[in-house]
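Q: I would like to learn how to read a model with two chains. Can we take the features in turn?

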Amino acid sequence: MSKTKRNGRTPGPDLTCREIVELVTGYVEGTLPGAQRGPFERHITLCPDCDTYLAQMRQTIDTLGELHEYSLAPGQRDQLLAAFRGWRQS
Amino acid sequence: MPSTDTPILEEHHLLACLRAGDERAFLELVERHHAGMVRLAKVYVGSEALAEEVVQDAWSAVVKGIDRFEGRSSLKTWLFSIVKNRATSTFSRERRSVPLSALGPQDDETGAAVAADRFFSSSDPSLDGGWAAPPRPWEDAGRRMLSLELRAELRRALESLPSRQQVVVGLRDVEGLEAAEVCDLLDLSEANQRVLLHRGRARLRQVLEEAFEDGSHPA
């Protein structure tokens, strides 16, 4: 957060950008204690850089969520399928 | 997060199909979770080859046990617990397996999410801790995140995380398990789970950041 943004208008203890990045996971997970959530959200509102960091973290998580669409090697797929038929019969 | 919850109806349907011996349902389950199961097994048994063996064995247990699955956990949580049990029991007698907890709270839980030199260090409290090298917004992120190249890079980065981070991020963000399910499965405290997730995600964001910077400023 630049000097101009930190002009004392925000009440309560200010968080630095360095602190914000360590709280991002708690925030995204919804486990941040109430006492920290307010200052966190105030900071994010006023600091475009931390807002960008938070957005990138969400984009990272979203993209990870798409990695599970993994295709097996054809040989491996056939092998498991053949095994499936065998297991059902046993 | 698109993968966080499998709709209950979908899971019921999948389960019914599996019990009826539907091969497509089985393949769907395999394609969705096989890689994640191997990732989990690998933490316990060390090598990729042994992990594949464990997972093969786990699939057999899943198919044979599907009629006894009571649905007290989600289907995928059940899958992963079978993998974990197989990995620890089958290979502990060969002394090749490492329990996850024995990996200890090592250096994979310490350190900052973002390199210290990207923030100002100053005795002036109005400057200290502010960004010196702030992240730049990712241009055209929606489209670029779809690129196979970027996804392959993200997958490689995930696979090179320290093993506990890798498993926690994999189960949470790739496989879509809940925090409580992961804690239960891996015998981790909630705080521990969150720290591993935090470290792992922060590293992956950094890898994507580097990929975006490279892409937007060709040499």
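Q: What is the accessible surface of chain A, and what share of it belongs to carbon and sulfur atoms?
A: First, a caution: this is a predicted model. The accessible surface of chain A is about 4,500 Å². Carbon and sulfur atoms hold 51% of that area.

Q: How many helices and strands does chain A have?
A: Chain A has four helices and zero strands. Read from the N terminus, the order is α-α-α-α.

Q: What percentage of the residues of chain A count as buried?
A: The cut-off is under 20% relative accessible area. By that rule, 41% of the 90 residues of chain A are buried.

Q: How is the size of an interface often given?
A: It is often given as the accessible area lost when the parts come together. Here chain B and chain A bury about 5,000 Å² between them. Of that area, 61% lies on carbon and sulfur atoms. Chain B brings 62 residues to the contact, and chain A brings 43.

Q: How many salt bridges does the rule find across the interface of chain B and chain A?
A: The rule looks for a side-chain nitrogen of Lys or Arg within 4 Å of a carboxyl oxygen of Asp or Glu. It finds six across this interface. One of them pairs Glu31(B) with Arg77(A), with the closest N and O atoms 3.5 Å apart.

Q: Which element gives the most to the side of chain B that touches chain A?
A: That is α9(B), with 11 residues. By residue class, this side of chain B holds 32 nonpolar, 11 polar and 19 charged residues.

Key:
Residues are numbered from 1 along each chain as its sequence is written. Chains are lettered from A and ligands numbered from 1 in the order in which they are written. This is a predicted model: local features need pLDDT of at least 70, side-chain atom pairs count only at pLDDT 80 or more; totals for chains, interfaces and linings use all residues. Side-chain values use heavy atoms; hydrogens and water are left out. Helices (H or I, at least four residues) and strands (E, at least two) are DSSP runs, numbered from the N terminus. Buried means under 20% relative accessible area, exposed over 50%, partly exposed in between (1.4 Å probe, protein chains only). Accessible areas come from the Shrake-Rupley method with a 1.4 Å probe; for residues, only the protein chains shown count as cover. Contact means heavy atoms within 4.5 Å. Buried area is the accessible area (1.4 Å probe) that two parts lose on being put together, summed over both. Ala, Val, Leu, Ile, Met, Phe, Trp, Tyr, Cys and Pro count as nonpolar, Asp, Glu, Lys and Arg as charged, and the others, Gly among them, as polar.
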